[in-house]
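I opened my notebook to write down what I looked up in this structure, one entry at a time. Come and read along with me.

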Amino acid sequence: MKQFTWLAFILLAACGGGSEPSSYRKAEDALDAGREYVNACLQGDFSKAAFYTVADEPNRQSLQQTEKSYREKDKEGRQQLRNASINIHEVKDLTDSTTEIHYSNSFDKTSHTLQVVKRDQTWLVDLGKSQ
């Protein structure tokens, strides 16, 4: 019985560790925030993507739409996104607290632009200003 209790404790600890937003590491710079956000979206980890996004209603709605599009893909389409790599084409520092990242991914090759802003010493993606 002790072994079962110990095993259950280990499994519970392992399951709870990665799902809490507080377990995500803070982005070190704009490129780090953008890369973490895009990778989270490609992996289907939208709670992690939200962690790297400005927390306001327009951003929540944009992220929900991104998640909806992801979930509507068939199993193969989601797997292709999970296997895709991020291709950074250009990084432009617009100001000391705003950076624009032009990128695509190896699956759909569509060009995208993210705007990353520094708020309260934290770099976050602002989807309202991204394309």
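Predicted model: local features only at pLDDT ≥ 70, side-chain atom pairs only at ≥ 80, totals over all residues.

**Entry 1: a salt bridge to start with**

I began with Asp126, which forms a salt bridge with Arg119, the closest N and O atoms being 3.9 Å apart. By salt bridge I mean a side-chain nitrogen of Lys or Arg within 4 Å of a carboxyl oxygen of Asp or Glu. My reminder to myself: side chains of opposite charge can pair when their charged atoms come close.

Residues are numbered from 1 along each chain as its sequence is written, and side-chain values use heavy atoms, with hydrogens and water left out.

Are the two partners buried or exposed? I used these cut-offs: buried is under 20% relative accessible area, exposed is over 50%, and partly exposed is in between (1.4 Å probe, protein chains only). Asp126 has 6% relative accessibility, so I wrote it down as buried. Arg119, at 38%, counts as partly exposed.

**Entry 2: the whole chain**

Next I stepped back. The protein chain has five helices and four strands, in the order α-α-α-α-α-β-β-β-β along the sequence. Helices (H or I, at least four residues) and strands (E, at least two) are DSSP runs, numbered from the N terminus.

How much of the chain is buried? I found that buried residues make up 33% of its 131 residues. I also looked at contacts, meaning heavy atoms within 4.5 Å. Among contacts with a separation of 6 or more, 42% come from residues 24 or more positions apart.

**Entry 3: helix α4**

I then picked helix α4, residues 57-72, and checked its length. The expected span is 1.5 Å times one less than the number of residues. For the 16 residues of α4 that should give 22 Å, and the end C-alpha atoms are 22 Å apart, which agrees.

Which residues of α4 are buried? They are Asn59, Leu63 and Tyr70. Seen down the axis of α4, its buried residues fall within an arc of 30°, so they line one face of the helix. That arc is taken from the directions from the helix axis to the C-beta atoms.

On the face turned away from the buried side of α4, I found the exposed residues Gln64 and Glu72. What covers the buried residues of α4 includes α2 (30-43), α3 (46-51), α5 (75-83) and β4 (122-125).

I stayed with Glu72, whose side chain meets that of Lys68 in a salt bridge (4.0 Å, N to O). Glu72 and Lys68 are four residues apart in helix α4, so about one helical turn separates them. Glu72 counts as exposed because its relative accessibility is 57%, and Lys68 is partly exposed at 46%.

**Entry 4: more salt bridges**

How many salt bridges are there? The count comes to ten. I looked up one between Lys48 and Glu36, at 3.3 Å from N to O. The pair links distant parts of the chain, with Lys48 in helix α3 and Glu36 in helix α2, twelve residues apart. Glu36 counts as buried, at 9% relative accessibility. Lys48 and Glu36 also belong to a network of salt bridges with Arg25, Asp32 and Arg35.

**Entry 5: aromatic rings**

For rings I wrote the rule first: rings of Phe, Tyr and Trp (its six-membered ring) pair if their centres lie within 6.5 Å; planes under 30 degrees apart count as stacked, over 60 as edge-to-face and the rest as tilted. I counted three aromatic pairs by this rule.

The rings of Phe46 and Tyr70 have centres 5.4 Å apart and planes at 70°, so this pair is edge-to-face. It links distant parts of the chain, Phe46 in helix α3 and Tyr70 in helix α4, 24 residues apart. Phe46 and Tyr70 are both buried.

Phe51 and Tyr52 also form an edge-to-face pair, 5.0 Å centre to centre with 85° between the planes. Phe51 is partly exposed at 30% relative accessible area, whereas Tyr52 is buried at 1%. Ring pairs link Tyr24, Phe51 and Tyr52 into a cluster.

**Entry 6: a hairpin**

Last, I followed strands β1 (residues 86-95) and β2 (residues 98-105), which run antiparallel and are joined by eight bridges. Two strands pair if DSSP finds at least two bridges between them. β1 and β2 form a hairpin with two residues between them.
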